[in-house]
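Trainee: Could you walk me through how to read a few features of a structure?
Mentor: Gladly; let us open it together.

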Number of protein chains: 2
Amino acid sequence: MVSPISYKLPVYEFLESEKIDRIIEVSSRILAEIGIEFLDEECLEILRSNGVTVEGKLAFFPPELVEHYMASAPSEFTQLARNPSHNLKIGGDQMVFAPVYGPPFVCDFERGRRHSTLEDFDNFVKLAHMSPYIHHSGGTVVEPNDLPVSTRHLDMILSHVIYSDKAFMGSVTSAENAADTVAMAEIVFGAEAVRQNPAVISLINVNSPRRYDERMLGALKTYARARQAVIITPFILAGAMSPVTLPGTIAQQNAEALAGIVLTQMISPGTPVVYGSFLTNINLRSGSPAFGTPESQLALYVSAQIARRYKLPFRGGGMLCASKIPDAQAGYESMIVMSPAIMAGTNFILHAAGWLEGGLAAGYEKFVLDCGVLGMFHRWSEGMEVNEDTLAYSSIAEVEPGGHHLGTEHTFAHFRDAFHETEVFDDKAFEMWEADGALDAYARANGYVKESLDEFELPELDESIHEELMDFVARRKEIIPKTTADD
Amino acid sequence: MVSPISYKLPVYEFLESEKIDRIIEVSSRILAEIGIEFLDEECLEILRSNGVTVEGKLAFFPPELVEHYMASAPSEFTQLARNPSHNLKIGGDQMVFAPVYGPPFVCDFERGRRHSTLEDFDNFVKLAHMSPYIHHSGGTVVEPNDLPVSTRHLDMILSHVIYSDKAFMGSVTSAENAADTVAMAEIVFGAEAVRQNPAVISLINVNSPRRYDERMLGALKTYARARQAVIITPFILAGAMSPVTLPGTIAQQNAEALAGIVLTQMISPGTPVVYGSFLTNINLRSGSPAFGTPESQLALYVSAQIARRYKLPFRGGGMLCASKIPDAQAGYESMIVMSPAIMAGTNFILHAAGWLEGGLAAGYEKFVLDCGVLGMFHRWSEGMEVNEDTLAYSSIAEVEPGGHHLGTEHTFAHFRDAFHETEVFDDKAFEMWEADGALDAYARANGYVKESLDEFELPELDESIHEELMDFVARRKEIIPKTTADD
């Protein structure tokens, strides 16, 4: 049973309200005076006809217009899963964890790093299906490099539907692929149901600075018209795609996100949309993207505060790291990004498990280790109940000075669920750990990966839906010209 | 130049004020009705003569009395360092990081785990001296197992004074050893100076539940009479030394801490004292202490909130983990404890670097990796300045859509200090990392440890002070009967 976190704890308000105001003012000026580029004629026409000033491919947004259209985006919505008990509320105090997205490589303890395949894709979908701490099946969990580029989106959706009964993400590689996604969702959920509540949520990245490209706009139009949810995310490595200073970077991010959100609402008012942030910085000496930086942590809090201003669901964070393998660096860095994501009350956390190497690789062992930590955050989010029972006065009175509480009635009453235990973490005595082979977390997690995949059971799927999907995919594969990554 | 963090960011207030009230009420009842045990006749006499009800070895504290004596403990104070530029303000918005304390073992990449020696002790003092992110030389950074037990406190203080010019901690193994510590501090700083401001800060642990033992009370009396600072810390593994529920555990911790703080103020009103918390839970299946648990994280926030109620400096947190080596688990766990310690505005963070294996081992590589992360927290604590320059409007206007900011004037003006870089972390491309030997963080950190120790330079020390200290130690060693750990 999937249960996303209902986050009732105080949310960390990092920046004073007046400073948020100033950042938003600069966003408004960027939107009105500097403009956002849209590389799609139809989108420019939609913007123009709704009151945006268009010059060439640049769109200039009057502040009142932005305010008007922002107001029509819902502050929360429900994404359907094919197992209704896994339907997900997105927004409000809900916190949804989804797997890593997009890596062309996989990494595991035994075989190291290699190009990912459909088999890897299926495996990560299975691992996400099995983890109680991953609520969403995600999207391109890894690139299935062994399949033709032009049709692999069909196989990916098929994999999500077959190997998981959790909600999933749609293809954004073109308008046509988005349409295939919607068609397949209609087969699974029914055409009427997916108009009431979105059955897919899809990741629309901004090509920062200030550009929406053809492919993303094609997908955006398709999904908005089908009333499927989108996550509008400026993809920003500060110092390269934005200024090196965070307030300017966040102002730019906000302008970019708003431009896309406004467009979705012009196409179809009420389209469910998530305010996304993917913001870290480059290493200015090497030019490499850096992850788990203090700057990305600061930016995350402020981005979440701004999203709350617009009363929109917020996407940010993840177990991000630059490390190539799940070593100590990966652990530190992942937590440096993930802790603020939780404390900021983030609603949708993509890359919540499996991310390695700046997103270039999905790690099998990293995935299960991250899931262990996500379990801890579930416990953390339960907070602390203060009542007569938990205050345990009589139990304190009962144990003599220097004594112990192991045998008290109170301990017996609570010991089953008193403390959260993380199976993938080791707290054995040194001698036992040594006798077990002195394995580090990476090596130990390898065992958990194998066990999990061995124990996988196919979730039930209506035979007729399965067949209809297979037919659809077969038909589409006949029509779509095959291209490979080398074409 | 050591510069502890001045934490100007909002502090995370986790629990509602009324719930804190309820926990404190239970503490008052524990103090008044259940009592705290003091295994020292003189202390019992001091308590009795100041209005505490004593029955046998149990002391019962009336609430008004507690309130009265708590009020005389200063809310902040300055600890002297022999290099005055390293003097440390403790309390207020200051955040001081000190090394791991107490491990009988060390662990390094090449030699693995072994009993620690004076050479290891000296090495950790040197590493702490050299790190800009460690502000304090600490105390028993590792046990020098190769020295006689009865005199090793003398060698440890000597090591702190010779290999570092940062502030250090005193011996708490007996009243006599505490007196030696004070005598040596008087040699270094002058007898008058150490009465004005404490020259040592020492760790008085409560033998929870509800017991202060002879050794700790001996040290406490000596330090309070010499007006040296003490950190009163209940040592609690919830489920063993306290109830399995956190509110009861925290109520007990508070009662224990208050009892000791009140005693210091009865002995010498105005004695600088830090409210300490060392609180995690056991694994109820195995009985092992667990570190980096969500429960310990929740408890840390509430403990800090309670310390703030009393307007006392707070000690808590650290880079704690159960892991035996600096692997992914160590990274995750350390951050799970350290992030809340920062967000809670903790004033004194012992074990901020080097901790492994539940505190049984000090790791050389763990130390330098932790220091890297401490550097990130220094950057994090600077927060975000929002002004015209950082909002960078004209720089955003200058870069075309899809372009980059690498060459802008704004980037040039800021690139030196725009982003914090952590030397021990790797963000190189996979191919370069592979060409460099595909080393994990543990292996890479080994190189940094060696480099650091090679580059160590002895801080200047007045020759006469050095001689006087050596004489003192020699004289004391003649007098003190030698005992070893096996005696």
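Trainee: Which residue in E9(A) stands opposite A:Asp108?
Mentor: Strands here are DSSP runs marked E of at least two residues, and helices are H or I runs of at least four, both numbered from the N terminus. A:Gly112 of E9(A) is the residue opposite A:Asp108. This is a predicted model, where local features need pLDDT of at least 70 and side-chain atom pairs count only at pLDDT 80 or more, while totals for chains, interfaces and linings use all residues. Residues are numbered from 1 along each chain as its sequence is written, with chains lettered from A and ligands numbered from 1 in the order in which they are written.

Trainee: How many bridges join strand E8 of chain A to E9(A)?
Mentor: Two strands pair if DSSP finds at least two bridges between them. E8 (residues 105-108) of chain A has four bridges to E9(A), and the two run antiparallel.

Trainee: In what order do the four strands of the open sheet in chain A come?
Mentor: The order is E9-E8-E20-E19, with mixed pairing. Strands E9 (112-115) and E19 (355-356) of chain A each have a single partner strand, so one side of each lacks a neighbour in the sheet.

Trainee: And how many residues of chain B are in contact with chain A?
Mentor: Contact means that C-beta atoms, placed from the backbone, lie within 7 Å. By that rule, 99 residues of chain B are in contact with 99 residues of chain A. Helix H11 (residues 328-343) of chain B gives the largest share of chain B's side, nine residues.

Technical notes
Contact = placed C-beta atoms within 7 Å.
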